[in-house]
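Hello,

Here is the structure we talked about handing over. Please look through it alongside the notes below.

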Amino acid sequence: MLINPIHKASCHCGAVQLELTLPNGLVDPRHCTCSMCRRRGAIVASVSLSGLKIVRGEEHLRLYQFNTRTAKHYFCSICGIYTHHQRRSNPEEFSFNIGCLEGMENPFALEPVRVLDGINHPRDRK
Ligand SMILES: [Zn+2]
């Protein structure tokens, strides 16, 4: 898995299709404890902004923002699945739901993964 750097990903219903360029494989797979991620529960990994293309279904994506409204969280408006977000801690990157990757049958095989202390976000510390 993850030898070819180009990977397909999709939401559950398939309306939203992504193409991810992952030359370094799954970078920093992690959970996060922020108010959003701890509810969502996905394992995410990082990709550069140019490494994520929405191939199909952009019109089905909904944007959700909260708090400082810096991060941009996207989910499919049909099936509700979170696909990716533009990061607050590094706006030059997206994070994506590794469970959406084609061929990813068991993302939990990656456990234990790092848990980001998102409830004490670095941008919130004084
Ligand atoms: Zn969907």
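**Salt bridges**

R87 and E93 form a salt bridge, with their closest N and O atoms 2.8 Å apart. The term means that a side-chain nitrogen of Lys or Arg lies within 4 Å of a carboxyl oxygen of Asp or Glu. Side chains of opposite charge can pair when their charged atoms come close. R87 is buried, at a relative accessible area of 12%, while E93 is partly exposed at 22%. Here buried means under 20% relative accessible area, exposed means over 50%, and partly exposed is in between (1.4 Å probe, protein chains only).

The model is predicted: local features need pLDDT of at least 70, side-chain atom pairs count only at pLDDT 80 or more, and totals for chains, interfaces and linings use all residues. Residues are numbered from 1 along each chain as its sequence is written, and side-chain values use heavy atoms, leaving out hydrogens and water.

How many salt bridges does a search of the whole structure find? There are four.

One of them joins the side chains of K53 and E19, at 3.9 Å from N to O. This pair links distant parts of the chain, 34 residues apart: K53 is in strand β5 (residues 52–56) and E19 in strand β2 (residues 17–21). Strands (E, at least two residues) are DSSP runs, numbered from the N terminus. E19 is partly exposed, at 27%.

R114 and D28 also meet through their side chains in a salt bridge, at 2.7 Å from N to O. R114 lies in strand β10 (residues 114–116) and D28 in strand β3 (residues 27–32), 86 residues apart. R114 is partly exposed at 42%, and D28 is partly exposed at 31%. D28, R30 and R114 are linked in a network of salt bridges.

Regards

Terms used. Helix = DSSP H or I, 4+ residues; strand = E, 2+ residues; numbered from the N terminus.
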